[in-house]
Amino acid sequence: MPIETFVKKFSECLEEPPSDPLSPATVFKKLPMWDSLAILTFTDTIDMDYGVLLKKADYDSSETLEDLFKIVITRA
Amino acid sequence: MANCSFKKSQIRGLVTCVPSKEKRIDDELDLFDGNTKQIARLKKTIGLDRRRVVCNDETTADLCESAARRLFSETDLAESSVDALIFVTQTPDYSQPCNAAVLHGRLGLEKSVAAFDVNLGCSGYVYGLWLSYMMIESGSCQNILLLAGDTISRVVHPKDRTVAPLFGDGGSATWITRSGEESVSWFNLGTDGLGYDKLIIPAGGFRAPSSSKSKAEITDQEGNVRTAESLHMDGAEIFNFSISEEPSAVRELLDFAKIDQEEIDYFVFHQANRYILKNIAKRLKIPDSKVPMQTVERFGNQSSASIPSAICGELSPILKDANKTKLFLSGFGVGLSWGSAIIEASNVKICEIIEYK
């Protein structure tokens, strides 16, 4: 799955669209809409679509969406 | 834990008692700093709505006693016929003695009764049933009174948004008896103790005794307030645990029982929240109509009382019917611990929710 699709899926898990368009370089933790509900729905989406269950440590160790994508691709 | 099955035990009645005091997330603007959008989102996504909570002088033992008294008054189970009392709770009246002994005295049971507590939460009702069925199948008991309940509202910090709006209180009483006809059941239980700290009250026990330090309020980065003696939940890890362990536990027990998923009439999962319930149902491809999920929105996550509460609140007419209903029960949570059971139910004498007065 291309990274653009991954970024789109991430965007769909946010309650409101971000003011600036998202990209692989987006530092997701700085987004105001990145809250516990967004983590829940995104974790669920990635597990359903890629079969990869992201854990707290994965989010903690990632800065950008590309970092997260690399984790998912490695484990998928 | 190996899978196991039984043939002679049956539920004859169950009652769940809920406190009369209701809290609504709509009324808790202060907790959410006036953020009505976040409240609306929590209602829509997670299904948080109403919950029943005890007043300060009400305990799990009180709720379960009310449920038990209703069970005795509405069925032909006599107090003198009870052979064992099992009390499942993590919020007992005292650290010593156990709630089962306290209730044994309050209910006036015989001295020959075996009475003990089981310290489990969301998986506890299934563990209690498993113990009850095993004690009956061994020949040592004819009638067992299983009490399961919790008052988690008393261990959450009221200013902690990660737990306070989720948990409600409840106490249940279930009568399990030796069945005259064959009634087959299957059980599977599991534990992942490495996750012990994902849902925990860190202090107040003997590892970290209560102190002025453990009672000090701490505010986290999101503005949630709690002390070391309040319930802490790592919501993301608990969610991951639920969606990874629960569906596989269901499949494993169905395989062991050699029962097709379609043969199960209802899947009664621990009422964690609507999002998790819908998610598990989706992963297992179970139609929503077979999964009771109204209970958590009416009463909150009632820990060990949530499964009997869902049965009493949503399946009562079906269980009272003479035709056998196949139920898949499954609880999962604190421990981390999980337990699943497939049981047959029919002619249940009483199956209702009452309010504590």
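Guide: B:Phe6 has B:Ser185 as its bridge partner in strand 9 of chain B. This is a predicted model. Strand 1 of chain B and strand 9 (residues 185–191) run antiparallel, joined by three bridges. They belong to an open sheet of five strands in chain B, ordered 1-9-16-15-14, with mixed pairing. Strand 1 (4–6) and strand 14 (266–269) of chain B each have a single partner strand, so one side of each lacks a neighbour in the sheet. From one strand to the next, the twist averages 20 degrees.

Now the loops. The peptide bond from B:Gly335 to B:Leu336 is cis, with omega near -5 degrees. A cis bond also leads from B:Gln96 to B:Pro97, again with omega near -5 degrees. B:Pro97 sits in the loop between strand 5 (84–88) and helix 3 (99–107) of chain B. Most peptide bonds are trans, and most residues other than glycine have a negative phi.

Two residues have positive phi. B:Asp33 has phi near 50 degrees. Its loop runs between strand 3 (22–24) and helix 1 (36–45) of chain B. B:Asp33 is exposed, because 9 other C-beta atoms lie within 10 Å and the cut-off for exposed is 12 or fewer. B:Ser303 has phi near 55 degrees. It lies between helix 7 (295–299) and helix 8 (306–314) of chain B, in the loop. B:Ser303 is buried, because it has 33 C-beta neighbours inside 10 Å and buried takes 20 or more.

Methods. Residues are numbered from 1 along each chain as its sequence is written. Chains are lettered from A and ligands numbered from 1 in the order in which they are written. This is a predicted model: local features need pLDDT of at least 70, side-chain atom pairs count only at pLDDT 80 or more; totals for chains, interfaces and linings use all residues. Two strands pair if DSSP finds at least two bridges between them. Helices (H or I, at least four residues) and strands (E, at least two) are DSSP runs, numbered from the N terminus. Axes are lines fitted to C-alpha atoms, for helices over the stretch in contact, and angles run from 0 to 180 degrees between N-to-C directions.
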